[in-house]
Every structure is written in structure tokens, then in C-alpha cells.
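User: I would like to go through the side-chain interactions in this model. Could we begin with the charged pairs?

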Amino acid sequence: MRATAVKELSDGKLIVEGYGVYYGGNDLVGDRFEKGVTNFDLDLVPNKILLYSHRKNPNIKSRIGVVTSVESDDEGLFFKAEINKSFKYRNAVKRLSDMGLLGMSTGTADQLVERDNGTLKEWPIIELSLTTTPCEPRTLGANTSQKEYDAEALKAIEDFEALLETTQLDV
């Protein structure tokens, strides 16, 4: 299992990579993706955007980057994305990633979702989000659930959220 990681390249690019989907096992709301069963309809939106926390934070409503590739393997869907150089909080996002506190989460439109007894049959992926509270804890770098963070981790998340609250950002 590879955790979400942010890498800085020599040209200053920040690349984030990790699993946005794991097969098998239920997430925190009881849903699960199954290899060969779930239709992700990856071609529906060929140029997927990268968001922070599905645009739920009022200070980061716009895209923070772009998905550059999606690969399917036996574990799930492995994503690579580039964080915009203009994104003001690049270093803070990298710090959360380095601490294992950043995960990935895929987003779709509710009307396109089809479930069958907890198995997601239709989940057309429209966007990928970086978040400290993914519905699938296996995407986090830390071997923990979001409710079991230690004091240092909680402080890092609180600092980041406080930073977001101090500045309205439109990237």
C-alpha cells in the first residue's frame, strides 16, 4: 500500500501521488469499490482537476492543480497530479503530506452514483481532492484514522486550517 505523497521536483513542480481509490473494504460511510465491478468512467472527464477537500473550505474554492495520470492495478486507482505553482499554500500541503496527514478522495456528481448493498457500481470520477479527512482512511500516509491523530498531527492540521481562515484565496 502506497500512501499519498508530495514530491518536489528540481524544476520547482510539486507532484502529489497516491491511491484515491482502494478496492475492497468499506470506507467510513460503508461504501466500497470493487475491481471489475465499479465503473469509474474515467473518460467522462478526461482533464480532472485537483481540489482541496472537495471545495468544502470556503477559502479554497478553486482548483489547486490538475490530475496528470490515473493507473489501475490490483489495489485500486493510483493518481498523479501537479499542484499549481501559484497555489499559496503549497508548502503547508507538502508539510501535511510529509507528516502522513494528507489523503486523497475522489469526487463525482450524486446523480451519477449507483450503489448495490454498499458496493459502488457507478462512480464516474470528476475530480480528485487532497484532504486531511478522507472517507477512505487507507489513503492517508499515517497508519491511523482521522480520529486518532497525535498532538503534533492535530497541531499541524489546526495550523493549516487557521492559515486558510486568515486569507480569502481564489487560485
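User: How exposed is Lys7?
Analyst: Lys7 is partly exposed, with a relative accessible area of 40%; buried means under 20%, exposed over 50%, and partly exposed in between, computed with a 1.4 Å probe on protein chains only. This is a predicted model, in which local features need pLDDT of at least 70 and side-chain atom pairs count only at pLDDT 80 or more, while totals for chains, interfaces and linings use all residues. Residues are numbered from 1 along each chain as its sequence is written, and side-chain values use heavy atoms, with hydrogens and water left out.

User: Which side chain meets Lys7 in a salt bridge?
Analyst: That of Glu17, at 2.6 Å from N to O. A salt bridge is a side-chain nitrogen of Lys or Arg within 4 Å of a carboxyl oxygen of Asp or Glu. Glu17 lies in strand β2 and Lys7 in strand β1 (residues 5-8), so the pair ties together parts that are 10 residues apart in sequence. Helices (H or I, at least four residues) and strands (E, at least two) are DSSP runs, numbered from the N terminus. Glu17 is buried, at 14% relative accessible area.

User: Which residues are linked with Glu17 in a network?
Analyst: Lys7, Glu17 and Lys80 are linked in a network of salt bridges.

User: And how many salt bridges are there by this rule?
Analyst: The count comes to eight. Among them is the one between Asp31 and Arg115, with the closest N and O atoms 2.9 Å apart. Asp31 lies in the loop between β2 and β3 and Arg115 in strand β7 (residues 114-116), so this pair ties together parts that are 84 residues apart in sequence. Asp31 is buried at 9%, whereas Arg115 is partly exposed at 48%.

User: Where does Glu136 lie?
Analyst: Glu136 lies in the loop between β9 (127-131) and α2 (151-166), and is buried with a relative accessible area of 12%. Its side chain forms a salt bridge with that of Arg138 (3.0 Å, N to O). Arg138 is partly exposed, at 28%.

User: What does Glu136 touch, not counting residues up to four places away in sequence?
Analyst: Glu136 touches Tyr22 and Asp27, where contact means heavy atoms within 4.5 Å. The C-alpha atoms of Glu136 and Tyr19 are separated by 9.9 Å, and these residues are 117 residues apart along the chain.

User: Changing topic: how many aromatic pairs does the structure hold?
Analyst: There are six. Rings of Phe, Tyr and Trp (its six-membered ring) pair if their centres lie within 6.5 Å; planes under 30 degrees apart count as stacked, over 60 as edge-to-face and the rest as tilted. One of the pairs is Tyr23 with Phe40, which is tilted, at 6.5 Å centre to centre and 40° between the planes. Both residues lie in the loop between β2 (14-22) and β3 (49-52), so the pair ties together parts that are 17 residues apart in sequence. Tyr23 is buried at 12% and Phe40 is buried at 8%.

User: Which residues form one aromatic cluster?
Analyst: Tyr23, Phe33, Phe40 and Trp123 form one aromatic cluster.

User: Which residues touch the most other members of the largest nonpolar core?
Analyst: Of its 32 residues, these are Val16, Phe40, Leu50, Ile83, Val93 and Leu130. A nonpolar core is a set of buried Ala, Val, Leu, Ile, Met, Phe, Trp, Tyr and Cys residues joined through side-chain atoms within 4.5 Å. The largest share of this core, four residues, comes from β5.
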